[in-house]
Structures are given as structure tokens and as C-alpha cells.
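Work through these exercises with the structure open beside you. Try each task before reading its solution.

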Amino acid sequence: MLYLLLLVPIAIGICFYIFSFKQVRILALGLQSIVFAFTLYIFLHVSGLETPLTEAIGNWGPLSIQLYCDRVVSVFLMLTAMLFLSFFTFVQRKDYFNRLFIFLFATLQSLIMLIFLSADLFNIFVAVEISTVICGILIMYKHDSRSLYDGLVYLMTNIVGMLFFLLGIGFLYRHFGTLNIYQMAAYMRDASGKDVLLPFAFIMTGVGLKCALMPVFSWLPKAHGTPGAPSIVSAVLSALYVKGGIYLFLRMRDMFAPAIEMDGFFLAMGIITGMAGWIIAVSQKDIKLILAYHTISQLGLILIGISLGGASQWGAVYHIVNHAVFKSLLFLGAGMIVDTYHTRNIYKIRGVFRTMPVVSIATMAAILGITGAPLFNGSISKYLIQSGEINRAAEIAILLINGGTILSFVKYSHIFFGNPEEPVVSSIPIIQKGVVIGLGVLCLAGGVWGTGFIRLLFGYAPNISPLSYVWKCLIWIVSLALGYILYTMVLTKWNKIHQGFSIELTFNQICASIAGLFAVLLAYGWLTAA
Amino acid sequence: MEAFFDRILSGDMIAVALFMIGLYGLIARRNIVKTIICVGVMEMGIILFFLTIHAKPDAKPPIGEVARAADPIPQALMITAIVIGVAVTAVALVMFIELYHKYGTTNWKKARQMRREEN
């Protein structure tokens, strides 16, 4: 049953590509509705079961490829289908939405679902590798020469990362004789840390690259913020595709946990990543690059939550869902703003609220969500991330990351006010307005009924005490005031910030930092492993 | 001494050495074509590594019912990996040709410079 979810979009995408129908856009939308309904059915089915749903493709016993679907996976499948449905609705009127685009998009959807579903390490490698190629093509879809460079760097970097991952799989297979993640986790109990240190370092280097850890994040803003890619591609990459990487990190962490445990190390990496993300974001002037760097910052936050374990881990999983919703909304909104104003410079875009009120309100909901404002979805997940067994340093770091996010979005929200330099005419189809409003409502609903959603989706009852939630809201208001004062008093006076500086590594430096991450993982593991 | 050389010249050691040579090339060479070749070298290292897993000198190919058959899984995996590797190399080369038509350089650093000037 699960394999249908992977095959049907690709098969129909190929059909659309070969036999060109007149009504291909509407048909694609219909296909997406069916896929969404199917994931809904799978979610209802899985949440009624005691044990996770597993399925073997091909009747070869232990040799066959296993699909594994528990409640969290089914939620991610539903999220993927829902966002793809809204993206397909969004691009109905765009001229680049042709049969080739539909084919690539539908294939990418299947592969993202396969990354979530597969329990077979090599199968995951295949899914990630092919989806990397497809993303590379989508990034340079408009044949802009800047996107050519960005796409090539993206493709080569990620392929090098996946080669590390593949070599790690080889070491694991030699040692354990299986490729199934859950079987391997059982074998890990008898293995010592030094046995699996080398595959751990190889695999975590590849996965760390996919979730844009601090030294190896350079490919992400290039790919997600490139000028040539349609905003819909940026949205899918930033909202969904990196989530495949972060979910892979969660599963690899759990798989290696009995033998080797480096939560402290990844906690520190998460803090560094989260801080670096907003520090670079605040100095950008390109509207899409700001959002891309914020993805890095939020990924750091998710990594912190995963490394803390317990309630924080549920917070991190809920934050994955929330981030997917508000980041896709932010990118879609930014795309519409760029199309209307014909510039990507954030200092030249003014008066959006007057020219595009609907889009502005939806974007504001997303901004409130990402900064963790009271009653919005980000506040619930950030509250949960902080509620686990947390030490003082990590707590301060999370506050700083959130404060930095607020500071940076104070700068971002200046586009809503003032008057445009030249009069602009906005002509946004009603269907696109509907999509952004729908996502904006979801941001609010995820906060107002946050605890209910978490119980419904994951079957986990979060413990949110009203008193400390009010306390967190006060902290948010204070951070907002501080961020506003800091931005208007200090940062606007600082000239460098208007130039927009960036840490842009060359390809050789990126490869050197991948090798460096591998060496650090190996050395740290060697010193701490029992 | 002979045992030492046998250990050093075993398939998995050479495979890891190839992987590291490829990685060195990625770090040290600025030529984009050489980068693509280096990725190919790393892939060859990985393929060799997988094929040496559970390999015995007198093992037979795992076709039909044979005694002392080699482990079929690494071989099946590597066929897939080779196919993917070919596809990836093809895509990377096509992207490189497009880039070369636009920028006229094979150098990563110069390409980045031109990319910056376009902003």
C-alpha cells in the first residue's frame, strides 16, 4: 500500500510528460488532491495501530527493501502532500508551470516521501542522490547564469556529502551484514563505540551536510536564495527538502545511540549553527537570502531540540512541521513581492502593506510564527524545546537565537511600511492569495490549538503550564522591544550592514570544511567513545 | 614483511586510499572538470570497497545454485551506484558546459568572482 504513494506520482508525472494533455495543470492538481487524501488515510490507519506499519517490497525475505511508517512519518507524509497540494495550486497561472516542471516536481515529491518512509540505508542514499539531481535542475530552471553557478555548487557539494554517507553504509554493512536501520539499531547494542566510530563519522558528515551544520552550510543559501529559481522551488527546498535531512539526522542518531552518543557535541553544533544563521541573515540585503539564512538558524534550533531529547525532541519534531508551514509561506510571499516590485533589495521595497494587503497579512502571520510570538505556532514548539532537561547555557543560547531572529525580522518587516519609490501595480491572482491566506491561518491555528494538534498528530500529551507560557510571552515582548531598539539605534547607523556582507566559500573551501567536519567528528568520537 | 604488504595492498585499504585521493583533489584543485573527475575517483573507491566486503579468493559468482557463492548484496548495490554515478556525472558535465558558455572559465574561483559581479 505504501509503495503506491511512491510510484503513483512518478508514473503520472511521466504520463503527463509523454502524452501532453491540454488540461495538464488541472489534472496535476487533481493528482495532488488524491495523494493528499491517501496520506490522510495512511495517517488515520497508522494512528489506530499499536505497532508501526512495515512493508517489504519484493518477496525476498530479509533481502527486500523495507518501508517503515510510524506516526511521526505519517505526519511528515501528510505535511509533504499538503504543501505540494498548495504549491501546485499556487503555480496554476505561472508560465513556467509546464509538463517538464510537473514531471520534476512530482518525482521530487515521491523521493521526499521515500526519504521519510524508507528503512533501508542504501535506498535512502538512492532517494537523496536522485532528489539532489532533480533539485539541481530545478534551481537552474530559468537558465539564469547566476543560478547555473549556484546549482553546480549545490549539486557537487551534496554529491560529495552523499559519497561520505555511502562509504559509511559500506563499513556498517561489512560489520553487521544488514542494511535495515531498525535491525541495525538492535545489533548496535552489542557493538562498542570504537567499532562503529568510523561509519558514524562518515554517515554523520553526510547527514550534517544535508542539515547545513555550521561549517558546511555554504551550499544552502546559494541553493535556496538563488535569483534564477522560481519562488516555489525555493519554498520546496527550504520548507520540505531540508526536513528530509534533519529527519535523517534524527533517525541516524537513534540508530547509533546504543553504541555511540554525541548529543553534547551536536548540541554545541546546533547552538553555533543557530547563532551563525541569524548573524549572517541580519546583514543581508537580498530578500530571499535573508530567508535562506533563517532556515539555517531554525535548523540549528531543531538540532538543539533533537540533541536535548525527551520533551525537547517532541518540540523539535513539531518545529519541523511549523517551520515547513511558515517558511513556505514566507518564500511564496517574498516571490510575489519580488515579482511586483522588480527588485530583491530589501532597502528599496517599501509600502507593501498598502499595495498588497492580503499578502502582507499572511506574511506577518508567518513572521509572528517564526519569531515565536504568543498564540502562533512557533511559540508552542519553541516552548517545548526549552521545556526538556536543559542547562542554563543552552537556555540562554535559545533565547539569543530567538532574539536574533526577532531582530532580523524587525528589519524584514520594514518593507511593509512607508511609500514605494516608484508607483507599483500589483496583480496577484485570487488563487495565490487564497493559498497564502490558508497557510497563514494554519500558522495561527498551530499556535491556538497547539497542544491539541500535538496530541492528535503525534499521540504525545505536551505539558504546557499557563504561568510559564505567559512568562515566555513576556520574554518575547521584551525581546521584540530590545530588537527594535537595537535595530533602529545601532544597526541602521552601521554602514557595513547596508552593503550586505557574506561568508561565501569557494567550492574547494567547502570541500575542505567537509573534510574538517569529518576529522573533528572522528577525533571527538575517539576521545569520548568507550 | 609479506604479511604487512598483503594487509596494506588489500582491496579495502586501496579503496579508502582512492576515496582520500579524490577528496584531496576536491580540496586542492580549482579546475571544475578535475572536480568532476575527482568525484568519479571517490566513487570508484567506494565501489571497490563494497566489492571487497565478505569477498573470498575462491568465491563463485552468485548465479544459480553454487557452493561458496560470493555475497550478492554488495554487487547488486554497486550496479545501482554505478548507474547513479553515470547519471550524476552526466548532469554535472552538462551544467559545467552551460556554465562554460556563460562565463568562459573552468576555474571555481574565477566563476565565483564573475557570479559576484553579476549581483
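**Exercise 1: The fold of chain A**

In this predicted model, residues 24 or more positions apart account for 82% of the contacts in chain A with a separation of 6 or more.

Task: Work out how compact chain A is for its length.

Solution. 
- Start with the elements. Chain A holds 22 helices and 2 strands.
- Next, take the radius of gyration. It is 22 Å for chain A, close to the 24 Å that the globule rule gives for 530 residues, so chain A is as compact as a globular protein of that length.
- Then look at the extent. The C-alpha trace of chain A spans about 65 × 60 × 50 Å along its principal axes.
- Last, check burial. Of the 530 residues in chain A, 56% are buried.

**Exercise 2: Where chain A touches chain B**

Task: Describe the side of chain A that touches chain B.

Solution. 
- Count each side. Chain A gives 28 residues to the contact, and chain B gives 33.
- Name the suppliers. α5 (121-139), α6 (145-176) and α22 (507-528) of chain A each supply at least two residues of this side.
- Find the largest share. α6(A) provides it, with 16 residues.
- Sort by class. This side of chain A has 19 nonpolar, 6 polar and 3 charged residues.

**Exercise 3: The largest nonpolar core**

Task: Which residues touch the most other members of the largest nonpolar core?

Solution. 
- The core has 220 residues; A:Phe125, A:Leu329 and B:Ile46 touch the most other members.
- α6(A) gives the most to this core, 19 residues.
- Follow A:Leu329. Beyond its neighbours within four places in sequence, its contacts include A:Ala362, A:Val436 and A:Cys443.

**Exercise 4: A loop residue**

Task: Is A:Lys285 buried or partly exposed?

Solution. 
- A:Lys285 sits in the loop between α11 (263-281) and α12 (287-308) of chain A.
- A:Lys285 has 18 other C-beta atoms within 10 Å, so it is partly exposed.

Terms used: Residues are numbered from 1 along each chain as its sequence is written. Chains are lettered from A and ligands numbered from 1 in the order in which they are written. This is a predicted model: local features need pLDDT of at least 70, side-chain atom pairs count only at pLDDT 80 or more; totals for chains, interfaces and linings use all residues. Helices (H or I, at least four residues) and strands (E, at least two) are DSSP runs, numbered from the N terminus. The radius of gyration is taken over C-alpha atoms; the globule rule is 2.2 Å times the number of residues to the power 0.38. A residue is buried if 20 or more other C-beta atoms lie within 10 Å of its own, exposed if 12 or fewer, and partly exposed in between; C-beta atoms are placed from the backbone. Two residues are in contact if their C-beta atoms, placed from the backbone, lie within 7 Å. Ala, Val, Leu, Ile, Met, Phe, Trp, Tyr, Cys and Pro count as nonpolar, Asp, Glu, Lys and Arg as charged, and the others, Gly among them, as polar. A nonpolar core is a set of buried Ala, Val, Leu, Ile, Met, Phe, Trp, Tyr and Cys residues joined through C-beta atoms within 7 Å.
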